[in-house]
Amino acid sequence: MSTIRNEMERFFQKTNMVSTYKPMFLKALLDLGDFKEHEGSQWVKDNGKNLEVDLNFVAVRFIYYCHPLFFKFKLKQQFGIMTVLSYKIFEEFEIFNAKNKVTKEEFSKDKYKDARTRLVKDGINATVFKLLLKDCNIYTMTKPYTFIISKENVKYLKDHKNQLTKALNHELSLFLGRFNNSPDIPRKLEEKQKRPTLNKADSLENIRIAESRCFYCDDKGTEFAQDHFIPWNYVYTTEKHNMVPACTSCNSSKHDKLATTDFLDKIIQRNEKLQLSAGYSESLMKSQWENCRIGYHGEDSPLWQNA
């Protein structure tokens, strides 16, 4: 009889993904050993040696994992014009937007019921629920949209959650990297994402070189935000060559948009005055800007310029 360890190894050896559904389903199962009461406990029943799980539990986690990929990082999950259903529901249901509170507890609420039902019926059940068992036989399908998984398997998933999460995120990043020209995809898949700030010395140097003026509107000031010229959600790093002082108005207006080529030329000229790492070059800056325009900002979307 195959053990869960054997099955997980078989999955990683065999997997040939055509979508993100299989690794995301397994990531959802990793939560069965340590989820909190308000994160879907109503869909998990203790049946002695097994847990009986409704696919709504899995759907909550699909939405939770996919929400930042769609709204924050704008990562594609498809080839050509085929869009995965976990993205389609964000477009079909007005309840979803970039300002949603992105937690498992939030997406377990009744107001998301219709979206979860659509995702379970036409997405998870139709594309992965049965097919995954061919690659990783660790649960048993029972009544519609329900499965049982042994507590022994749940314990293994809990005990190895960190390692398995990293391995599954690795598989996801390899797949997403095939059609997303986006930096640092592995870190964008992490649940806890910390946004570093520019150190004080570099921040003050940027302000000094700008002569205490906003990089975008040129207004004089005493306090500035340190803005990621190429948006943070795309580059996912905070580096001196990409940071500029911005007044409150321009920083708020620009938000996660990409500025025009006039500002690109301006920051390249500004960077000539900075002490930067050996890895920086004008061609790097232009390449990052163009890749961001195509892969994140949108080729047909107007570039930002201050009013």
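Author: Please note that this is a predicted model. Both F70 and Y87 are buried.

Reader: Which parts does the pair of Y216 and W304 tie together?

Author: Y216 lies in the loop between α11 (200–209) and β5 (225–228), while W304 lies in the segment after α15 (282–297), so the pair ties together parts that are 88 residues apart in sequence.

Reader: Is Y216 buried or exposed? And W304, buried or exposed?

Author: Y216 is buried, at a relative accessible area of 4%. W304 also counts as buried, because its relative accessibility is 6% and the cut-off is under 20%.

Reader: Let us turn to charges. Which ring does the charged end of K74 sit over?

Author: The charged end of K74 sits over the ring of Y296, 4.3 Å from its centre. K74 itself is in the loop between α3 and α4, and its phi is near 55 degrees, a positive value in a residue other than glycine. With 31% relative accessibility, K74 counts as partly exposed.

Reader: What is the phi of S212, and where does S212 lie?

Author: Phi of S212 is near 55 degrees, again positive in a residue other than glycine. S212 lies in the loop between α11 and β5 and counts as partly exposed at 26% relative accessibility.

Reader: Where does the charged end of K266 sit?

Author: The charged end of K266 sits over the ring of F215, 4.8 Å from the ring centre.

Reader: Now the sheet, please. What is the order of its strands?

Author: The open sheet has 4 strands in the order β1-β2-β4-β3, with antiparallel pairing. Its edge strands are β1 (44–46) and β3 (140–141), each of which pairs on one side only. β3 and β4 pair in the antiparallel sense over 2 bridges, and M141 has F147 in β4 as its bridge partner.

Reader: Which strands does helix α3 touch?

Author: Helix α3 (residues 55–72) packs on the sheet and touches β1, β2 and β4, its direction making about 65 degrees with that of β2. Helix α8 lies across β1, β2 and β4 and runs at about 75 degrees to β4.

Reader: Which residues of α8 are buried, and why do they line one face?

Author: In α8 (residues 151–159), the buried residues are N153, V154, Y156 and L157. Seen down the helix axis, these buried residues fall within an arc of 160 degrees, so they line one face of α8. The face turned away from the buried side carries the exposed residues E152 and K155.

Reader: What covers the buried residues of α8?

Author: The cover includes α1 (4–14), α2 (21–29) and α9 (161–176), together with the strands β2 (50–54) and β4 (146–150).

Methods
Residues are numbered from 1 along each chain as its sequence is written. This is a predicted model: local features need pLDDT of at least 70, side-chain atom pairs count only at pLDDT 80 or more; totals for chains, interfaces and linings use all residues. Side-chain values use heavy atoms; hydrogens and water are left out. Buried means under 20% relative accessible area, exposed over 50%, partly exposed in between (1.4 Å probe, protein chains only). The arc is that of the directions from the helix axis to the C-beta atoms. Contact means heavy atoms within 4.5 Å. Two strands pair if DSSP finds at least two bridges between them. Axes are lines fitted to C-alpha atoms, for helices over the stretch in contact, and angles run from 0 to 180 degrees between N-to-C directions. A charge sits over a ring if NZ of Lys or CZ of Arg is within 6 Å of the ring centre and within 35 degrees of the ring normal.
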